[in-house]
Amino acid sequence: MNEEYVIQVSELTKYYDKHLAVDNINFNVKQGEIFGFLGPNGAGKTTTIRMLTGLSKPSKGNASILGFNQHNEIVEVKKHIGVVPERSNLYDELSGLDNLIFIGQLYGVPRHLRRKRAEELLKMFGLYERKDSLFRTYSRGMKRSLTIAAALVHHPKILFLDEPTVGLDVVAARSLRNLINNLKSKGITIFLTTHYLEEADMLCDRVGIIVKGCIIKIDTPNQLKKAIADDSIIECIFTHELSEKQMKMLTKRFSKSRIISKDSQTIHISGGVPNEVYEELTLFAKEQNIQLESINSIKPSLEDAFIKITGLSPIVMAVEKGGKNQ
Amino acid sequence: MINDNLRGIYYIVLKDMRTYYLKPPAVSWGIVFPLAWIMAFYLRNPQGFENLIPGLIAMTILFSTTAAGAVVINFELRIGSLERLLLAPITLSAVLLGKILGAALFGLIMTLIVTIGSIIVFGLHLNIFYLMMIILPSLLVFSSFGALLCVMVKEVFEAQTLLNLPRFLMIFLSGVVYPVSAMPMILQYISYILPLTYTINGLDHIFNANPGSMIFVDFIVLILFFVLFTLPAVKLLEKKFA
């Protein structure tokens, strides 16, 4: 085992019947880093996590976690990893405290430490006041926090987080990101999947971009952004929301450029000549009888890099944003 | 790994008892239904109620183990908490065995209540060793049967619906209220492939104070049924996580 890498993945492939979900992927994750798997829904992110954590068997290839072979030493692997699935899946009928104690029992946390560890985590996640409330009475953010706490009961060396902030409000999502950074500072290696590009940009030391089961690029967010640093990006904000039809017209109009819909009023256009883009946008606004609030030249974001690297259409990105709002 | 699995099984059983079994719906299906059923037969023919006790115990075993047990796995699959168990350092077989033993333990509690109640009320003198030789494997058989049906379907209600057919078939054909030997030959043949027949057969021998060697045959057949139900249940569950 290479000491530097705690996760080593080689030619990992997964078929569901004839559907190829993960296609021959290779990557390594370094000790103590936050590694992000970035891609749209259905790209193979969750399937990869399921294979690495023993919930699904690879069709081909292998993975080593902390030097243990994922295929025939999965029980050993599980002792050293914590997993936070996309869905908060603790027991509704148990209180927050009892859920954590139960998980401690399953992982063999010594009897005299279980309660102490559970209470310590409840305090860390700001849930101590509600420790005796049933899990089903928790808010979505609290459920998410307790699910993460449950993954930490046995002091894992690696934490797998599948779409950690999906369904959380802005405040809860930000608080969770702070917590992930805290865990990193305690030496825990974190493997997370997300389709929120800003999240990957904020949290990850390195990002692997996965589309249709294939990893197409692995690098630091900064390096990914540098790759398109020379591209001019125009940010245009309209005073009113664009309809789907107007968005399609705009996409057609800038067919030689890349358009990213940040939200229904804001778009990013890259790859064009700035003056021509300004003129074209002004004309479009006039034709559609809509007002422009501002047009600016901005620095490329990870999202811009993602669009350039993956070649995904802005429509796909818009669907992604609409599908799983923060 | 054995220690990890044994620990996992133990805590899954405790957790399931707490979250699913010791609740009014499970208790009512496990004990009230068999009692009501037997009472109906008693009211029709009050003579010879003692002869119905083996049937009452067998029905308690059948209903208590399958009442909640047959839906727990599906329910946890649906809400994702079975995955939570599979993320722990224990094998899938251990998780399934934990579920089966949880249902069996609940069944044991219900069955002991009915059996001890019957012994006290009717002043019966039974061989406890032989009684356990039939009750314990029967509890495992019907728990594993519930688990098998559970993993064969996707939805919770499907498991319950699918379970009703063999459950009532066994009540009518396994000698709960009507002796197998008095049935037409074809129905007797069918009864031999139903596990409840061997439970009732064994209990009949014990209640007639004449266990003999046949009770060992019933015991072995019940163990075979347990294996026959458990192995495909493990395979089917593995398939769900393939």
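Author: Ile215(B) counts as buried because 22 C-beta neighbours lie inside 10 Å, where buried requires 20 or more other C-beta atoms within 10 Å of a residue's own, exposed means 12 or fewer, partly exposed covers the range in between, and C-beta atoms are placed from the backbone. This is a predicted model, in which local features need pLDDT of at least 70 and side-chain atom pairs count only at pLDDT 80 or more, while totals for chains, interfaces and linings use all residues. Residues are numbered from 1 along each chain as its sequence is written, and chains are lettered from A and ligands numbered from 1 in the order in which they are written.

Ile215(B) lies in helix H11 (residues 214–240) of chain B; helices (H or I, at least four residues) and strands (E, at least two) are DSSP runs, numbered from the N terminus. Leaving aside neighbours within four places in sequence, Ile215(B) is in contact with Tyr130(B), Met133(B), Ile134(B), Gly202(B) and His205(B), a contact being a pair of residues whose C-beta atoms, placed from the backbone, lie within 7 Å. Met170(B), by comparison, is 45 residues from Ile215(B) in sequence and 19 Å away in space, C-alpha to C-alpha.

Of the contacts in chain B between residues at least 6 apart in sequence, 81% join residues at least 24 apart. Chain B has a radius of gyration of 18 Å, which agrees with the value near 18 Å that a compact globule of 242 residues would have; the radius is taken over C-alpha atoms, and the globule rule is 2.2 Å times the number of residues to the power 0.38. Along the principal axes, the C-alpha trace of chain B spans about 55 × 40 × 35 Å.

Helix packing can be followed at H8(B). Helix H7 (residues 128–152) of chain B and H8(B) have axes that come within 8 Å and cross at roughly 130 degrees, with axes fitted as lines to C-alpha atoms, for helices over the stretch in contact, and angles running from 0 to 180 degrees between N-to-C directions. That angle makes H7(B) oblique to H8(B), since angles under 35 degrees count as roughly parallel, over 145 as roughly antiparallel, 65 to 115 as roughly perpendicular and the rest as oblique. In this pair, Gly146(B), Leu149(B) and Cys150(B) of H7(B) meet Ala159(B), Leu162(B) and Leu163(B) of H8(B). By class, that contact has five nonpolar, one polar and no charged residues, where Ala, Val, Leu, Ile, Met, Phe, Trp, Tyr, Cys and Pro count as nonpolar, Asp, Glu, Lys and Arg as charged, and the others, Gly among them, as polar.

Helix H4 (residues 69–79) of chain B packs with helix H8 (residues 156–173) of chain B at an angle of about 160 degrees, their axes 8 Å apart, and that makes H4(B) roughly antiparallel to H8(B). The contact joins Ala70(B), Val71(B), Asn74(B), Phe75(B) and Arg78(B) of H4(B) to Val156(B), Ala159(B), Gln160(B) and Leu163(B) of H8(B), and these residues divide into six nonpolar, two polar and one charged.

Methods. Contact = placed C-beta atoms within 7 Å.
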